[in-house]
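Please open the structure in your viewer and keep the selection tool at hand.

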Number of protein chains: 2
Amino acid sequence: MRSTQVSGLLTDLYQFTMLQGYLESHMDEVAVYEFFVRKLPPRRNFLVAAGLESVLDYLLTVRFAPDEIRFLEKTGRFNRRFLDYLENFSFSGDVYAMPEGRVFFPDEPILRITAPILEAQLIETRIINLLHYQTLVASKAARVVLAAPNRLLVDFGLRRAHGAEAALLGARAAFIAGFHGSSNVLAEHLFGIPSYGTMAHSFIQAHDDEAAAFEHFAHAQPGNVVLLIDTYDTEAAAEKVVRLAPRLKAAGIAIRAVRIDSGDLADHAKKVRRILDAGGLKDTGIFASGNLDEYEIQRLLAQDAPITGFGVGTRMLTSSDAPYLDCAYKLMEYAGHARRKRSEGKATWPGRKQVYRTYDGEGRMAGDTLCLDSEGYTGEPLLQMVMKEGKRTAHLPGLAEARKLCAQDLLRLPEALKSLDGAPPYPVTVSRGLKEMAAAVDEHRA
Amino acid sequence: MRSTQVSGLLTDLYQFTMLQGYLESHMDEVAVYEFFVRKLPPRRNFLVAAGLESVLDYLLTVRFAPDEIRFLEKTGRFNRRFLDYLENFSFSGDVYAMPEGRVFFPDEPILRITAPILEAQLIETRIINLLHYQTLVASKAARVVLAAPNRLLVDFGLRRAHGAEAALLGARAAFIAGFHGSSNVLAEHLFGIPSYGTMAHSFIQAHDDEAAAFEHFAHAQPGNVVLLIDTYDTEAAAEKVVRLAPRLKAAGIAIRAVRIDSGDLADHAKKVRRILDAGGLKDTGIFASGNLDEYEIQRLLAQDAPITGFGVGTRMLTSSDAPYLDCAYKLMEYAGHARRKRSEGKATWPGRKQVYRTYDGEGRMAGDTLCLDSEGYTGEPLLQMVMKEGKRTAHLPGLAEARKLCAQDLLRLPEALKSLDGAPPYPVTVSRGLKEMAAAVDEHRA
């Protein structure tokens, strides 16, 4: 996954200053860190884990090149011992994680790192950067999937995603959540995500005649004829499509769909459907795009808009109604002792943890337990070992498998949690062992 | 600027299908496209142009590698003529643009591309992707700068920015807008943006004793002593800092600042200021962070919180109150004829345009005119030629110069527009020539 292989310098300066501090103090015992989300954004009922694959790729490849070491040296901030440490750096720790595509809830770790504290600390920034964004988008996209059953869903977010990597990893996260593909060609090249797309308004505008533009396009892309009909007058363009269809049919070309990108999409879709049906184009779909998200799609489908597919872009890849998650990567244990942050409003559960999930008789998720790894509850343990001493331990689910895991978990979600509005929270119980440990840590500190 | 050199495949599939259509129809006359923002997000009064440098870098370097051509060939969607075109692709057009750091308003183009339509179309997606995000963040960061006069402002957004490129280009955009630096080390390596940072809570937690953690850190980073004091009890930690100071002073180490990252920041800052002052640490600053944005900073300073610097992260690099701009890259002219999109709610002004700005007697911005490039108004023309036939034409302002341009424009903003809330819109007049051309284009189409 080339896109995530960025320089080891993509980190917060404080990681380096802290590392130099640890080295000076000869502190390099084993530390345990966990990544979790503190609370759900408004109107969200669950989250979908994504980003693990790129995290593992990062852990396997993160290094510091000679020119990067020289750059750090020149800043004058670092001593030789620290620079030598970086020069020889590679990650040697263990990783437990929830597979991509799994549904999870606040306070539940989806990643646990066990490594000498210098290593575990150094990787913090990029781990958060990767897990946060992909989980954010997968969680948003899953809502779109729930809002649009049996519709074709295509990610159109590349142009207004926040940079190249967001566009790529966002396309991948949306695919895990159940999208069928993306407009992003590089996402197909790198991840095998099917790419979709036909024409922009400029293609119509560059021609003197809209019907001529349609015909040129159909002959250039005979297997992929989706015609954009809203450049001038949507219904008039639908009539042109009907008039063009017999000539294309004679050449063996079918019009797969028309696309509408502006105006009242439900109203246009209904009118266009009638025009296409009357013109014998019952098999031609109607694809809608333009400022869509789960709320707008729900509204359109509630109006019985005859739309067969949706292009969902900006609002999904920016997760515009909740553009970030309150998440953290926190120290849980150092040198065998549990640790806990107690800053106001930001207290964490200490120790190395596991999450167990139980299901009811119909296979629906019935409740999770957050407990110490050493406790061993009943139910399905959600965190699995995925890396040992810096090497992958198991065949990890590929992209297709992650997509299936997500579809399965969405099916098993309690019905109330599938709502686009806030529902009563899913039950996550904190184990007795964990509560006792938190109290013990506080007492030790007090 | 390595970060922006991504594969030419980072584009929407429809660019390729359209190009094949143009090639089939032998359409490759000169086209003019412009990038502009349609309207301001809520509560915004102006925008700051950013991203041009990375756009020019992209135009100079975009190519298609042999393995990428083979990938496209294998999809079965494209013919040999199109693949040959891509294989030999390089950008040969002209570019006019507003320099980075300039303030601008809706409907004003900040970039104009003149090139054969195949080239001008192919680059659309990445141009929007680059200009949109950087302009979004520069515009957000400028508001933070206006809210926090004479305070140290540091970008802390890397971990929750949407991916690696957002973090990098966001740090750069914030710097243009007036930030002093970033926590992002790679941004210093690539762009020369000063990096800032000292320690996380985990550094304190990993030590058995908070005061020992402070002392270890000070000796490891004697020139950069900023101590994080909110891990357990903020005021108690400030007392520890006071007790530690004489010992450090004896070793020649000064405590530059303390950092508070949680709780009621104004209240803590006042109490901590009193503790530090009473302890003789009048020169030790108070740096605040944690969910900050321009609104929160304005609120803190209105309460006279004695805070000398702010770390602003997630909410700035995700532009969380307005995570995207309604922007477009549109065809304005093809083969010498003006073009115009008329889709509902998305109509554009046709033709190749220029923007002229006038100033009042005190040097304040008094109004802009959006006109045809051929009209030649009075005032300061904002679009300049920056590339001719695929080559850079002029020394472009570097990062430091862009930062100065932005500071100058923020000074020249009408006072009402500096508010964090919506103000009456800045006057942008559409020239008579432009209105006549729009009417003529509509008549031709009607």
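## Where the two chains meet

Of the interface residues of chain A, 100% are also interface residues in chain B, so the copies meet through the same surface. Please bear in mind throughout that this is a predicted model.

**Both chains together.** Colour chain A and chain B separately. A rotation of 180°, with 0.0 Å of shift along its axis, superposes chain A on chain B, and the RMSD is 0.0 Å. That is the relation of a two-fold axis.

**The contact residues.** Next, select the residues at which the chains touch. How many residues does the contact take from chain A and from chain B? Chain A contributes 99 residues and chain B contributes 99 residues. The size of an interface is often given as the accessible area lost when the parts come together. Here chain A and chain B bury about 8500 Å² between them, and 54% of this area is on carbon and sulfur atoms. Now select A:Arg159, A:His162 and A:Gln205, which supply 10% of the area that chain A buries against chain B, more than any other three residues.

**Charged and polar pairs.** Display the side chains at the interface. The rule finds 6 salt bridges across the interface of chain A and chain B. To inspect a salt bridge, select A:Arg339 and B:Asp208, whose closest N and O atoms are 3.5 Å apart. Between the two chains, 54 residue pairs are in polar contact.

**Helix α1 of chain A.** Select residues 13–24 of chain A, which form helix α1. With 10 residues, helix α1 gives the most to the side of chain A that touches chain B. Colouring that side by class shows 39 nonpolar, 35 polar and 25 charged residues.

## The annotated domains of chain A

The following selections take their boundaries and names from unreviewed UniProt annotation.

- In chain A, UniProt (unreviewed entry) places "domain: Nicotinate/nicotinamide phosphoribosyltransferase" here.
- The end C-alpha atoms lie 16 Å apart, and the span is 33% helix and 20% strand.

How values were computed: Residues numbered from 1 in each chain as written. Chains lettered and ligands numbered in written order. Predicted model: local features only at pLDDT ≥ 70, side-chain atom pairs only at ≥ 80, totals over all residues. Heavy atoms only, no water. Contact = heavy atoms within 4.5 Å. Buried area = accessible area lost by both parts, 1.4 Å probe. Salt bridge = Lys/Arg side-chain N within 4 Å of Asp/Glu carboxyl O. Polar contact = N/O pair within 3.5 Å; in protein donor to acceptor, adjacent residues only side chain to side chain. Helix = DSSP H or I, 4+ residues; strand = E, 2+ residues; numbered from the N terminus. Nonpolar A, V, L, I, M, F, W, Y, C, P; charged D, E, K, R; others polar. Least-squares fit on C-alpha atoms with pLDDT ≥ 70 in both. UniProt positions renumbered as here; feature names shortened; annotations may be inferred.
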